[in-house]
Number of protein chains: 2
Amino acid sequence: MKNLKRFFSPRSVAVIGASSHPKKIGHVIFRNFVKEHFKGKVYPVNPNTESILGHKCYRSILDIKHAVDLAVVAVKANITPRILEECAKKGTKNIIIISGGFKEVGNVELEKKTEAVIEKYGLNVIGPNCVGIFNPYTGTDTLFLPTYRLGRPERGEISFVSQSGALGMMLLDWMKLKGYKLSKFISYGNAIDVDEADLIEYLWKDDETKIICVYMEGAKDGRKFFNIAKKVAKDKPIIVLKAGQTEAGKVAASSHTGALAGSYKIYSSVFRQTGILEAEGLENLFDYARILAYQSDPLPKGRRVQIITNGGGYGVLTADQLVKNGLKLAKPSAATIKRIKEGCPPHVIVKNPIDLTGDADSERYRLAIDAAVNDDGIDMIVVILLPQTPILSDDVVDVIAEAASKKRKPLIVLSAGGGFAEVLKKSIEECGIPTYSYPDKAASALSVLYRFSENNKRK
Amino acid sequence: MKNLKRFFSPRSVAVIGASSHPKKIGHVIFRNFVKEHFKGKVYPVNPNTESILGHKCYRSILDIKHAVDLAVVAVKANITPRILEECAKKGTKNIIIISGGFKEVGNVELEKKTEAVIEKYGLNVIGPNCVGIFNPYTGTDTLFLPTYRLGRPERGEISFVSQSGALGMMLLDWMKLKGYKLSKFISYGNAIDVDEADLIEYLWKDDETKIICVYMEGAKDGRKFFNIAKKVAKDKPIIVLKAGQTEAGKVAASSHTGALAGSYKIYSSVFRQTGILEAEGLENLFDYARILAYQSDPLPKGRRVQIITNGGGYGVLTADQLVKNGLKLAKPSAATIKRIKEGCPPHVIVKNPIDLTGDADSERYRLAIDAAVNDDGIDMIVVILLPQTPILSDDVVDVIAEAASKKRKPLIVLSAGGGFAEVLKKSIEECGIPTYSYPDKAASALSVLYRFSENNKRK
């Protein structure tokens with residue numbers, strides 16, 4: 001097992017190819033290290049520059065007197081092997097090569113030459129042709145975009161391993177917008193040395209990671225991936241989005257990362273055998289990750305779901321989607337029905353869905369959620385909040401957070417509309433309750449949680 | 001065919017049940033008429049109030065000296081039949097009953113009594129148990145939420161008929177957030193008189209409506225719906241989201257609007273026979289409506305799609321989704337490839353996807369889009385914009401708008417991420433180019449456009 005710790009928690013970093021020019025990648029990476037939350041030492045390396053942002057610039061990593069845990073390399077591709085030699089001589093074993101220009105553009109020779117240096121010195125290398133690492137816990141951040149251009153999510157429990165850098169950055173930006181939280185992000189590009197399997201294995205032992213999400217086009221070493229995934233998935237959920245499922249997608253993948261996307265049938269079967277959960281699309285990846293991160297303690301005892309809504313139509317659509325996703329509508333007990341009816345006006349419908357109707361306030365939600373939490377015939381709860389009503393106010397967030405904090409059974413929120421709905425969802429999400437906008441998304445997430453609990457029982 | 005014109009373009013409106021109490025529905029409806037964009041006369045009617053917002057209040061509609069085109073009724077359900085009698089005597093034929101408390105809560109007797117009055121006087125009634133109408137062209141707005149609580153979309157070409165009021169309002173709020181535009185919104189509730197078929201027929205002849213979207217739980221009169229839909233769908237696209245597809249959903253629907261959701265198989269077959277396009281979920285409804293509204297002139301000649309991207313992974317996922325949705329990847333011609341390669345650095349990949357890579361600027365997009373627009377082997381274009389890159393700036397909107405304005409072939413945009421991506425999409429949407437966040441959504445929308453063009457050829 002590779003020791004990758006110092007990629008994520010380096011005490012000192014050299015940015016090789018650091019630049020004083022604000023538009024250069026090497027400048028942005030260096031600036032992010034010195035201006036954002038990183039607490040360790042940072043050294044800029046560039047033979048043609050005296051100083052960058054007031055920091056003395058080194059001609060070579062060999063000129064730095066202190067130990068360097070991690071080198072981030074953003075230089076022209078052709079000099080990379082020489083730079084790696086210098087790192088090796090310096091004793092810096094962990095290197096991220098951001099630079100592109102290797103096998104993905106047909107430069108197989110250069111990739112082989114680089115590989116030879118890595119082998120010779122036993123280096124650990126992430127990349128090339130990648131955006132590297134973002135770890136909100138230590139401020140390690142090699143993403144070459146300033147924070148005003150690319151949002152960085154807050155500290156959380158979901159880690160994300162992406163073969164594609166651009167796609168990974170898009171998702172980070174989106175996570176920040178939505179208030180989703182992150183443990184570690186790694187873009188590994190051409191995987192010259194460290195591959196997706198190594199990263200999965202590292203995240204398995206990382207206490208800050210509860211869920212491992214992976215975007216992959218093709219595994220670098222199928223057998224290794226299978227063995228590691230099988231070991232890890234028993235212990236920590238792994239969710240994979242596999243691109244290159246069709247012939248057209250495979251051709252596109254081979255131009256992109258040079259990955260052999262392989263037969264999707266084989267991948268699918270590997271996922272099933274190893275216990276990897278498969279996401280059908282980008283949204284599902286995090287839809288599943290959030291419910292598993294926040295609502296898997298305790299896991300659902302069964303598949304009976306109670307819907308609590310203030311809009312009938314949304315309730316009907318959700319009922320349809322739950323059934324289509326292999327779940328069942330719970331039957332609220334006589335006691336539950338009695339309790340809710342006693343506290344509500346007669347036009348409230350206490351079946352499944354429980355329709356609190358358009359004049360529902362937070363107290364009506366409290367009553368219904370409480371009753372459902374205490375009803376043993378209910379395994380999971382979907383609370384639908386349509387905030388386009390005259391009376392519902394944002395204190396409903398407290399009601400939901402309080403119910404969820406009892407950790408009796410999984411509870412999720414379904415809400416949509418304009419700006420207020422977005423703000424509401426962000427607040428709820430920050431309380432550790434996963435939120436969804438559409439019935440199909442909520443139902444498929446609950447269904448994955450249920451499947452995970454079933455797999456868990458069999459272990 | 002019912003004459004529903006004065007529901008949407010009333011010269012004068014009486015709000016019966018208008019109130020001076022700011023929390024009352026009758027207050028909000030009246031205030032929206034006087035404070036927002038409505039240009040006609042508005043009369044508040046309430047026997048217990050002298051004046052509302054400085055307007056003299058009438059004891060009964062009969063006390064108003066001028067003609068009243070439309071009465072909006074927000075009174076206790078039990079006095080509705082008497083109010084309708086007064087409207088009839090006044091000569092006001094068009095009435096929207098907002099009030100609930102009829103058959104949806106088991107009050108079948110009252111619904112029958114109301115129906116008898118409608119028949120006796122030959123009234124046109126929308127509702128009861130609905131939120132009524134919003135027409136941005138005339139400012140007719142019976143939605144009982146203030147504009148700060150519920151966004152109203154701008155004037156556009158998509159009309160939306162919803163059996164559910166809450167779901168309809170949620171979608172309006174969401175349309176406003178996203179910058180999607182609206183022609184007419186109608187929530188018709190219990191459909192005591194005017195039903196979804198009447199509304200579809202009206203919108204067919206409405207010049208401001210180009211696309212008709214419908215959320216329905218069950219048709220009031222199946223035969224009538226079939227006949228009208230068959231006539232209209234030939235001429236204007238109708239997109240339906242049918243709720244109550246499963247047994248659980250049907251039960252929920254019957255508690256909600258009292259609708260008989262019926263056999264989904266039969267509905268599905270009716271949709272196919274009449275040429276109605278079916279949406280699988282809420283998002284699809286507007287995903288399909290927007291592409292049909294904006295990109296159906298001209299319709300695609302075939303199903304060959306060109307992807308132009310600045311992120312390889314997003315391109316791979318999109319290629320997969322296009323194929324899964326029955327479309328094909330176009331083969332760019334030798335001339336197209338030559339033209340783009342000549343104007344781009346060597347690391348740009350000119351296949352399908354065309355990967356302009358992470359350092360693409362607006363000019364690189366202009367070159368690629370122009371070449372694709374002029375290539376006869378390409379029927380439709382997906383432009384992927386990942387704005388998490390150092391160089392891409394918002395002038396790419398102009399490039400895309402200019403290409404789309406030539407109206408040579410359908411073009412859509414796929415973009416996602418944080419706040420900047422959202423702003424970018426809203427600007428592009430406002431130029432009449434449909435935008436999507438995820439590959440599956442973009443691909444299914446293109447696939448519906450292609451299917452529509454195929455149906456169109458057969459006519």
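Q: Which conventions apply here?
A: Residues are numbered from 1 along each chain as its sequence is written, and chains are lettered from A in the order in which they are written. In this predicted model, local features need pLDDT of at least 70, side-chain atom pairs count only at pLDDT 80 or more, and totals for chains, interfaces and linings use all residues.

Q: What rotation superposes chain B on chain A?
A: A rotation of 180° with 0.0 Å of shift along its axis does so, with RMSD 0.0 Å (least squares on C-alpha atoms of residues with pLDDT of at least 70 in both copies). The two copies are thus related as by a two-fold rotation axis.

Q: How many residues does the contact take from each chain?
A: Chain B gives 62 residues and chain A gives 61 residues, where contact requires C-beta atoms, placed from the backbone, within 7 Å.

Q: And which helix of chain B has the largest share of that side?
A: Helix 11 of chain B, with 10 residues; helices are DSSP runs of H or I with at least four residues, strands are E runs of at least two, and both are numbered from the N terminus.

Q: Turning to helix 3 of chain B, which residues are buried?
A: Thr80(B), Ile83(B), Leu84(B) and Cys87(B) are buried, that is, 20 or more other C-beta atoms, placed from the backbone, lie within 10 Å of their own.

Q: What do the buried residues pack against?
A: Their partners in chain B are strand 1 (12-16), strand 5 (70-73), strand 6 (94-97) and helix 4 (108-121).

How values were computed
Two residues are in contact if their C-beta atoms, placed from the backbone, lie within 7 Å. A residue is buried if 20 or more other C-beta atoms lie within 10 Å of its own, exposed if 12 or fewer, and partly exposed in between; C-beta atoms are placed from the backbone.
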